[in-house]
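Me: Hello! I would like a close look at one part of this model, and then a walk through what surrounds it.

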Amino acid sequence: MIRVCVCVSGGGTNLEAIFKAIEEKKITDAQIVRVISNNPGAFALERAKKRNVEAICVSPKDYAERADFNKALLDALKECKPDLIVLAGFLVNVPVEIIREFKNRIINIHPSLIPSFCGKGFYGIKVHEEALKKGVKVSGATVHFVDEGIDTGRIIDQKAVYVKEGDDAKSLQERIMEEAEWVILPKTIQRIAQGEVKIGEN
Ligand code: GRF
C-alpha cells in the first residue's frame with residue numbers, strides 16, 4: 001500500500017474522484033495519508049475531513065518570507081512520509097527543494113493535452129478560454145510527473161475530449177474534468193501503486 005499526499009487549493013473534485021476510486025476499489029494499493037492546502041477556505045479540506053483523512057493548511061499568508069512558507073510546506077510533506085505526492089488543482093509554484101526531495105514522486109493533473117495550452121499563466125479557466133480562442137476541436141487532460149519547469153515533466157497519461165459546438169470555457173472545463181481528469185488521475189495513482197509506471201530514459 002503506497003502512501004499518498006494530495007495537495008489542493010480549491011473545490012477538490014479531483015480529490016473526490018480519488019476517494020471514490022478507493023471506495024469503489026478501483027484504487028486498491030494506495031491510501032491518502034494527508035491532504036494539504038495552501039488555502040484555508042478550500043472545500044477540498046472538508047472532503048478530506050469527512051473521510052477522517054488528516055487535512056491541513058499551509059498558507060503563504062502565515063509566513064513573512066516565501067522561503068519560510070517553502071520550508072513549512074516541505075516539512076508538512078516530509079512529515080507524512082509520502083511515496084507519492086499528487087497535485088490536484090494545487091495553485092502553488094512548487095519550490096525546487098520539494099521537487100528535488102521528491103524526485104519522480106510528484107504528479108500533476110493539467111486540464112489540456114500538453115504541450116498545448118500549458119506553461120506559465122495557463123491554469124484554471126484560462127486554459128479552456130485559450131483553447132476555444134484557438135478553435136481546437138479536441139482538448140483533454142494530462143497527468144505528468146512534476147519536474148523543475150512548468151508543465152514540462154514526463155507525460156504519464158492523457159485523455160482527449162471533443163469540443164462541442166456552442167461550448168464556452170465553463171462547459172468545456174466541466175466536461176474535461178468529468179470525462180478526462182476524474183478518470184486518468186485515479187487510474188494513474190493505481191498504476192503507480194502497482195509499479196506499472198516507471199521513469200527511465202524514454
Ligand atoms: C482542475 O481543472 C485541474 O486540472 C486543475 O485545477 C482544477 C482543480 O479542480 N489543475 P478541483 O479542485 O479538483 O475541483
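What covers the buried residues of H5?

Reply: Happy to go through it. This is a predicted model, in which local features need pLDDT of at least 70 and side-chain atom pairs count only at pLDDT 80 or more, while totals for chains, interfaces and linings use all residues. Residues are numbered from 1 along each chain as its sequence is written, and side-chain values use heavy atoms, with hydrogens and water left out.

The cover of H5's buried residues includes strand S5 (106–110) and helix H6 (169–193); helices (H or I, at least four residues) and strands (E, at least two) are DSSP runs numbered from the N terminus. H5 itself spans residues 125–134, and its buried residues are Val127, His128, Glu130 and Ala131. Viewed down the axis of H5, these residues fall within an arc of 160°, so they line one face of the helix. The arc is taken from the directions that run from the helix axis to the C-beta atoms. Buried here means under 20% relative accessible area, exposed means over 50%, and partly exposed is in between (1.4 Å probe, protein chains only). As background, an α-helix has 3.6 residues a turn, so residues three or four places apart point the same way. Just after H5, glycine 135 has a positive phi of about 80°.

Aspartate 167 is buried, at a relative accessible area of 15%. A polar atom of its side chain lies 2.8 Å from the backbone nitrogen of lysine 164, and the side chain also makes a polar contact of 2.6 Å with the side chain of serine 171. A polar contact is a pair of N or O atoms within 3.5 Å; within protein, one must be able to donate a hydrogen and the other to accept it, and residues adjacent in sequence count only if both atoms are side-chain atoms. Setting aside residues up to four places away in sequence, aspartate 167 touches Leu132, Tyr162, Leu172 and Arg175, where contact means heavy atoms within 4.5 Å.

Now follow H6, where glutamine 190 lies. Glutamine 190 is buried, with a relative accessible area of 10%. Apart from its neighbours within four places in sequence, glutamine 190 is in contact with Lys26, Ile27, Thr28 and Asp29.

The largest nonpolar core has 37 residues, of which Val6, Val35, Val86, Ile107, Leu185 and Ile189 touch the most other members. H6 gives the largest share of this core, eight residues. Such a core is a set of buried Ala, Val, Leu, Ile, Met, Phe, Trp, Tyr and Cys residues joined through side-chain atoms within 4.5 Å. Not counting residues up to four places away in sequence, valine 6 touches Leu15, Ile18, Ile32, Arg34, Val35, Ile36, Val86 and Ala88. Another core, of 22 residues, lies apart from it, with Ala72, Cys80, Leu87 and Val92 among them.

In helix H1 (residues 13–23), the buried residues are Asn14, Leu15, Glu16, Ala17, Ile18, Phe19 and Ala21. They pack against strand S1 (2–8), strand S2 (30–37), helix H2 (43–50), strand S4 (84–87), S5 and H6. Just after H1, lysine 25 takes a positive phi of about 60°.

Then there is the ligand. Around it are Gly11, Gly12, Thr13, Asn14, Gly89, Ile109, Pro111, Met177 and Glu181, each with a heavy atom within 4 Å of it. A polar side-chain atom of threonine 13 lies 2.6 Å from a ligand oxygen atom. A backbone N or O atom of asparagine 14 lies 2.9 Å from an oxygen atom of the ligand, and a polar backbone atom of isoleucine 109 is 3.3 Å from a ligand nitrogen atom. Taken alone the ligand exposes 370 Å², of which the protein buries 86%; areas come from the Shrake-Rupley method with a 1.4 Å probe, and for residues only the protein chains shown count as cover.

Last, the loop between S5 and H5 holds proline 115. A cis peptide bond joins isoleucine 114 to proline 115, with omega about 20°. For context, most peptide bonds are trans.
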